[in-house]
Amino acid sequence: MFETLDIERSGQVATVWMNRPAVFNAFNEQLIADLSEACTRLDADASVRVVVLGGRGRHFSAGADLNWMRRAAEGSEADNLADARRFARMLHVLAGLSKPTIARVQGAALGGGTGLAAACDMAVASADAVFSTSEVKFGIIPAVISPYVLRAIGPRHALRYFQSAERISAERALSIGLVNEVTAVDALDAGVAALIEPLLAGAPSAQKAAKELIEAIKGRPIDAQTLEDTAQRIARQRATAEGRNGVAAFLDKRPPAWLVS
């Protein structure tokens with residue numbers, strides 16, 4: 001279906017594998033286009049509850065493909081703008097999925113690879129994973145990935161790593177919020193599975209509403225407008241069929257509808 005991706009389904013979980021292991025899953029125009037299309041299709045598929053993003057081979061993603069970088073260096077500002085817009089749209093589609101997303105990270109997750117991990121809702125990394133916002137080493141900046149990396153690590157850490165381009169170990173990534181869990185190298189899939197299990201227990205529309213809530217509330221003052229917004233959101237969710245069913249199931253000590261096959 002896709003030139004640069006494999007998609008595996010296991011029940012309600014779809015795993016999107018970047019499949020360019022010979023170049024450490026570095027991205028080019030085709031991988032960007034394929035990821036955009038795959039995310040759009042999976043978001044529209046109600047049978048998919050969780051999306052996992054991984055990379056075939058030893059590395060998650062080494063960032064930009066060298067040939068793509070070479071073409072960009074030789075291209076005009078207009079050409080570079082078009083490329084950047086495509087990459088920005090792809091990250092926006094990934095980050096905006098209406099269902100939980102997990103980055104499964106092993107080996108290198110450099111430059112745009114760090115951006116892909118940060119654009120997912122959560123990330124599980126093996127102990128050998130290494131991250132970097134390495135762009136300043138090449139005379140450029142991590143502009144397109146910055147909203148997602150900043151969301152994960154905050155401006156103080158970003159001020160350091162955007163300028164130093166230091167390598168960030170898995171344990172350091174955990175301590176600054178870039179990843180949620182670190183596992184042994186041979187336990188990465190088990191770590192991802194441990195996140196998937198509670199995600200599948202949650203209500204699909206409530207999870208979508210929770211993501212929208214975070215986007216709406218982050219950075220806002222706790223003022224009258226915020227109080228009213230949050231009150232309206234919980235009232236709307238309580239009134240949905242899913243909300244009514246979930247509360248009734250809890251009170252009746254029975255499984256909610258979304259867990260009944």
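Predicted model: local features only at pLDDT ≥ 70, side-chain atom pairs only at ≥ 80, totals over all residues.

I'll start with Asn25, which counts as buried because its relative accessibility is 0% and the cut-off for buried is under 20%. Asn25 sits in the loop between strand S2, residues 13-18, and helix H1. Its backbone is worth a look: Asn25 has a positive phi, about 55°, and it is not a glycine. As background, most residues other than glycine have a negative phi.

Ala165 is in the loop between H5 and strand S8, residues 168-169. Ala165 is also buried, at a relative accessible area of 1%.

H1 covers residues 29-44, and it packs against H3, residues 77-95, at an angle of about 30° with the axes 9 Å apart. The two helices are therefore roughly parallel to each other, and H1 passes H3 in a left-handed crossing. From H1, the contact uses Glu29, Ile32, Leu35, Ser36, Cys39 and Thr40. From H3, it uses Asp83, Arg86, Phe87, Met90, Val93 and Leu94. Sorted by class, that contact has seven nonpolar, two polar and three charged residues.

Leu35 leads us into the core. In general, nonpolar side chains in soluble globular proteins tend to be buried together. Here the largest nonpolar core has 48 residues. Which residues have the most contacts inside it? They are Leu35, Leu53, Phe60, Val105, Leu116 and Phe131. Leaving out residues up to four places away in sequence, Leu35 touches Leu5, Val16, Met18, Leu53, Met90 and Leu116. There is also a second, separate core of eleven residues, and Ile102, Val124, Leu188 and Leu199 are among them.

Phe60, also on that list for the largest core, lies in the loop between strand S3, residues 50-55, and helix H2, residues 66-74. Phe60 is buried, with a relative accessible area of 0%.

Now to H4, residues 112-119. How many of its eight residues are buried? Eight of the eight are, so H4 is largely enclosed by the rest of the structure. By name, they are Gly112, Gly113, Thr114, Gly115, Leu116, Ala117, Ala118 and Ala119.

Take Ala117 from that helix. Ala117 counts as buried, at 1% relative accessibility. Not counting residues up to four places away in sequence, Ala117 touches Phe60, Ala103, Val105, Ala123 and Phe131. For Ala117 and Lys137, the separation is 20 residues in sequence and 20 Å in space, C-alpha to C-alpha.

H4 also packs on H5, residues 146-164, at an angle of about 60° with the axes 8 Å apart. H4 and H5 are therefore oblique to each other, and H4 passes H5 in a left-handed crossing. On the H4 side the contact is made by Thr114, Gly115, Ala118 and Ala119, and on the H5 side by Tyr148, Val149 and Arg151. Those residues divide into four nonpolar, two polar and one charged.

Last, the region around H8 and H9. Is Arg220 buried or partly exposed? Arg220 is partly exposed, with a relative accessible area of 27%. Arg220 is in the loop between H8, residues 204-217, and H9, residues 224-238. Apart from neighbours within four places in sequence, Arg220 is in contact with Gln225, Thr226 and Asp229.

Ile217 belongs to H8 and counts as partly exposed, at 22% relative accessibility. With neighbours within four places in sequence left aside, Ile217 is in contact with Thr226, Asp229 and Thr230. Ile217 and Leu227 are ten residues apart in sequence, and their C-alpha atoms are 10.0 Å apart.

That's everything I have for today.

Technical notes: Residues numbered from 1 in each chain as written. Heavy atoms only, no water. Axes fitted to C-alpha atoms, helices over the stretch in contact; angles between N-to-C directions. Helix = DSSP H or I, 4+ residues; strand = E, 2+ residues; numbered from the N terminus. Parallel < 35°, antiparallel > 145°, perpendicular 65-115°, else oblique. Left-handed = near helix turned anticlockwise from the far one by under 90°. Contact = heavy atoms within 4.5 Å. Nonpolar A, V, L, I, M, F, W, Y, C, P; charged D, E, K, R; others polar. Core = buried A, V, L, I, M, F, W, Y, C linked by side-chain atoms within 4.5 Å. Buried < 20%, exposed > 50% of the residue type's maximum accessible area, 1.4 Å probe, protein only.
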